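Me: I'd like to learn how to read a few features of a model. Could you walk me through them, general idea before the case at hand?

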Amino acid sequence: MPSRGESYLVGITIDNVSFSYDSGEALRDVSFEVMQGEFVGIIGPNGAGKSTLLGVISRILRPGSGAVYLEEMDIQEMSHKSLAREMGFVAQDSNIPFRFTVLDLVLMGRNPHLSRFGVETSEDLRIAKESMTKTRVANLAERAVTEISGGERQRVLIARALAQTPRVLLLDEPTLHLDVSSQLEVMDLLKSLSWKEKLTIISVFHDFNMAARYCDRILLMSKGRVEAVGPPGTILTRENIRTVFGVDVHVGHSFLTNSVYAIPIAGQKTKTSRKEWTVHLICGGGSGAIPMRRLVNEGWEVTAGVLNILDTDYEVAESLGISIAPEAPFSPITEKAHEQNLQLIKGSNAVLVTDFLIGRGNIMNLQAAIFALKSGLPLILVIGDPNSDRDFTNGEGTMIVRQLIDMGANVTKSLDEALGVLEGLRRDPLGGRDLT
Ligand code: ADP
Ligand code: MG
C-alpha cells in the first residue's frame, strides 16, 4: 500500500494502474489518491482514457497491472455485493429499463442490500425516498422514466446510486447533453453531496470550466496518463491546456464564482512565421483589442504600451501574452512607464498607432511615437475617421499627430490597410524610403 497522509482519510487509492484493450493501451501508470469527502473532476480530450479509468475504479474493468484500494481494501478482493454497497456508478449512457417508474428505478439501487430473497423492506423504501428527496426528484416518483427531462433523468440516476448508500460516487460526464441550468443543478447537487454527506466523488467532465468551478481538485488526463492533478487554479493553465487539448486559451479568475476559467482563443493555431518581426502597438481604451488579436493571429511578434492596468487593451494584451509597458490603473503615464515603452519600441521593427482618445494622461504615448520616428522606425497611424474629435488636450494631441505625419508616418484608414503596409515593410524593410 502507498503511504497515506496523517490528517485526511484516504477514500480511494489508484496505485500505478495500467490497462489495455485489444486495440491498445488505454491507461499507463495512473496513480492518485482521493480523500474522503473530496470532489475530484477528471478532464481530458476524447480518448484520453477517462471512461476507462472509471471502469477500472468501479471494477467493471480489471487493470493489467496496479490496483485500486477502497480505503484499505483492494477492490478485487471484495465481493460484488459489498463493493456495490460502497460505490455507486452513474455511467455515461446508463441504460434505463423501459416503462419503469422513477421510484422503481431508484429502488433498484437497494439491490446490493437485499436479502437473498430479494424482498424490499420498508427501510429500503425509506432510503429510496430519502435519495429522491436529496436529488429533488421525489415529486416524480410515479412518473415513467422515459417521460422525464434529461436533467431530471440524470438526477434520478444519481438517486439510484445514492440508494446504494455508497461512500463513493463515480460519474461519467453527468452533465453531457444537459442545458446550462440543468448542468448547474447537477453540479450543485454533487457539490452538496460531497460537502454535506461527505460523499467521495470522482466524476469525468467534458467542460473544464464546470469542473474548475465545482471540484476540489482536478485530474488532467492525456493519452492514458495523468498529465497533472491539483486544485483547479494549478490545472487550468495556458500551458496545460495547450499541451493536452492543443488550443490556446485565455485564463482568468471570476470573482463572481470565485473560480478560474479558460476561454479558447480562436485562430491561434493558424500562426504563420512573421515572428522575426516585432510590431509595437501604441493604443489604449480598447482601440488596441482588435489590432492585437489580428497581429498575433497573423503571426507577428507584438509588444504594446503604455497601457493602464485594468484598461481593456491591457487585459487583451495580457491574455495574448504580449509584452507590455504597464502603468498603474487610471494613472497618467509616469516617466518610468514611458521609459519602458521606449525600450519596447527600440526592440521593435515597426510601430503601429491606433486612433485612441488622446488625453492629458496618455499624451506621452504620442511622444513615444515621435521617438520611434526619430529612431528611424517605420510608424503607421490608423486614422479611421479624420473628422472625429478624439483630442481632449486642447489641440496639443492633434499637433503632435500632425507632426508625426510631417515626419513621415504612414497614414492608413483602416486596420486592413495598416496590416498591408506592415507586410510590405517586412518584405522590403526600406520600403523605398531613402534613409540617407
Ligand atoms: P475517454 O473517456 O477519455 O474519451 P476512453 O477511456 O473511452 O477515453 O478511451 C481510451 C482509449 O481506449 C481510446 O483510444 C479508445 O478508443 C479506447 N477504447 C475505449 N473503449 C474501448 C473498447 N471497449 N474496446 C477497445 N478500445 C477501447
Ligand atoms: Mg469517455
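Me: How do the axes of α5 and helix α6 cross?

Reply: Axes here are lines fitted to C-alpha atoms, for helices over the stretch in contact, and angles run from 0 to 180 degrees between N-to-C directions. Helices (H or I, at least four residues) and strands (E, at least two) are DSSP runs, numbered from the N terminus. In this predicted model, the axes of α5 and α6 (residues 180-196) cross at roughly 20° and come within 9 Å. Angles under 35 degrees count as roughly parallel, over 145 as roughly antiparallel, 65 to 115 as roughly perpendicular and the rest as oblique, so α5 is roughly parallel to α6.

Me: At what angle do helix α4 and helix α5 pack?

Reply: Helix α4 (residues 122-134) packs against helix α5 (residues 150-163) at about 140°, and their axes are 8 Å apart. That angle makes α4 oblique to α5.

Me: Before we go on, what are the ground rules?

Reply: Residues are numbered from 1 along each chain as its sequence is written, and chains are lettered from A and ligands numbered from 1 in the order in which they are written. As the model is predicted, local features need pLDDT of at least 70, side-chain atom pairs count only at pLDDT 80 or more, and totals for chains, interfaces and linings use all residues, while side-chain values use heavy atoms, leaving out hydrogens and water.

Me: Which residues are around ligand 1?

Reply: A residue is near a molecule if one of its heavy atoms lies within 4 Å of it. Here the shell includes Y21, S23, A26, K50 and T52. Helix α1 (residues 50-57) supplies the largest share of that shell, three residues.

Me: Which polar backbone atoms lie by an oxygen atom of ligand 1?

Reply: A polar contact is a pair of N or O atoms within 3.5 Å. An oxygen atom of ligand 1 is 2.7 Å from a polar backbone atom of G47, and an oxygen atom of the ligand is 3.0 Å from one of G49. Accessible areas come from the Shrake-Rupley method with a 1.4 Å probe; taken alone, ligand 1 exposes 560 Å², of which the protein buries 57%.

Me: What about backbone geometry?

Reply: Most residues other than glycine have a negative phi, and most peptide bonds are trans. D29, not a glycine, has a positive phi of about 50°, and D29 lies in strand β2 (residues 24-35). A cis peptide bond joins G305 and V306, with omega about -15°; V306 belongs to strand β14 (residues 300-308).

Methods:
A polar contact is a pair of N or O atoms within 3.5 Å; within protein, one must be able to donate a hydrogen and the other to accept it, and residues adjacent in sequence count only if both atoms are side-chain atoms.
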